[in-house]
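Subject: Structure handover

Hello,

Here is the structure we spoke about, with the sequence alongside. My notes on it follow below.

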Amino acid sequence: MANVCVITGGGSGMGLETARNIDKDVILVLTGRTAAKLENAKSILESEGHEVHVTSCDVSARKDVHELCLLASNLGTIKTVIHAAGLSPAMADPKTIIMVNAVGTKNVNMEFYKYMNDGGVIVDIASSSAYEAPAALVKHQIYEEAEYEEEKFIKHMTGEANLIPGSDYNKSGMAYVMSKNFVVWYAQKCAHEYAAKGIRVVSVSPGLIETDMGTREVEQADFAKQMIERTCAHRMGKPEELGFAIASIADERNGYLCGIDVLIDGGASTGKKFGK
Ligand SMILES: NC(=O)c1ccc[n+]([C@@H]2O[C@H](COP(=O)([O-])OP(=O)(O)OC[C@H]3O[C@@H](n4cnc5c(N)ncnc54)[C@H](OP(=O)(O)O)[C@@H]3O)[C@@H](O)[C@H]2O)c1
């Protein structure tokens, strides 16, 4: 049976760039909500020699993710899941951000766990903004609710984001930060649990990357411009740089890379130490 790599958010940005770095004997399954983006990605990847299947799926809907698992498992052995689907502060209200980024990650990990076996890997894409979460708001007892008390989890996470004063953008920003802090924590929790089945789980936290999403945030927020100034090379990351890094992290030769977050931010988080 052929190996299958599923990429959520595979129609654009880092998801698409990761797909380009996956071995050509692996069947790619790309998903997202917009058919046109997926068809465009499919034609790019097919022209580069990949076998590609696309299907619509909203990761915040457990039923959609379940159907995605069925489709992928009918094509072969699901070896790799790159979960890159996500929404940024400029794109949605706090509740939608929690639904897609946090509940979506829980749905993807929990559903795919059932269909994956020894040697499988799940890479959850978080964000360097996960590290900006205020300590007072990081409550692991709320994070624990995600799996079995989803409504409570959504209410608590959205409520925390809405406590932040200021504009709607500020509230969505906090929802983003908290949702990505959850992704980092949840990937670690899953790593320790799924290891019993031989499945490796790791999260990746990109800094500002020049995708449609990243460019939109730089236009909207001054702190994003400051972040670029704090990087070693005073620039945003390129989607293809992240695509290569994410595919390498997923490679089975990286078997000891699990239960941890890999921060790829061009040095933005260390810039302050050196006067930037
Ligand atoms: N760019 C940055 O600076 C940056 C920094 C840190 C972290 N990240 C994270 O990196 C990941 C990839 O982002 P990107 O920069 O590559 O941006 P992107 O090109 O906008 O990719 C995000 C993808 O997620 C899909 N998506 C959104 N909502 C979805 C849903 N409910 N269900 C399924 N798919 C959905 C989008 O497709 P549809 O709209 O068609 O659904 C899109 O293809 C995201 O998780 C993002 O939060 C980005």
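**The loop between H10 and H11**

Thr231 sits in the loop that joins helix H10 (222-230) to H11. Please keep in mind that this is a predicted model. Thr231 has a relative accessible area of 6%, and because the cut-off for buried is under 20%, Thr231 counts as buried. Beyond its neighbours within four places in sequence, Thr231 makes contact with Asp265, Gly266, Gly267, Ala268 and Lys276.

His234 is also placed in the loop between H10 and H11. Its relative accessibility is 42%, so His234 is classed as partly exposed. The phi angle of His234 is near 55 degrees, which is a positive value in a residue other than glycine. Most residues other than glycine have a negative phi.

**Helix H1**

Helix H1 covers residues 13-20 and is mostly covered, with six of its eight residues buried. Those buried residues are Met14, Gly15, Leu16, Glu17, Thr18 and Ala19.

**The ligand**

There are 28 residues around the ligand, and Ser12, Met14, Arg33, Thr34 and Thr211 come nearest. Met14 is also one of the buried residues of H1.

- Thr211: a polar side-chain atom is 2.6 Å from an oxygen atom of the ligand.
- Asp58: an N or O atom in the side chain is 2.9 Å from a nitrogen atom of the ligand.
- Cys57: a polar backbone atom is 3.4 Å from a nitrogen atom of the ligand.

**The second largest pocket**

The volume of the second largest pocket is about 440 Å³. Its lining is made up of 18 residues, and Asp23, Thr80, Ala250, Asp251 and Glu252 lie nearest the centre. Which elements supply at least two residues each to this lining? They are E1, E4 and H11. H11 gives the largest share, four residues. By type, the lining residues of this pocket divide into seven nonpolar, five polar and six charged.

Regards

How values were computed:
Residues numbered from 1 in each chain as written. Predicted model: local features only at pLDDT ≥ 70, side-chain atom pairs only at ≥ 80, totals over all residues. Heavy atoms only, no water. Buried < 20%, exposed > 50% of the residue type's maximum accessible area, 1.4 Å probe, protein only. 1 Å grid on protein atoms, 1.4 Å probe; cavity = no way out; pocket = protein on both sides within 12 Å on 5 of 7 lines; lining within 4 Å. Points joined across faces, edges and corners; volume = space filled by probe spheres on them. Nonpolar A, V, L, I, M, F, W, Y, C, P; charged D, E, K, R; others polar. Near = heavy atom within 4 Å. Polar contact = N/O pair within 3.5 Å; in protein donor to acceptor, adjacent residues only side chain to side chain. Contact = heavy atoms within 4.5 Å.
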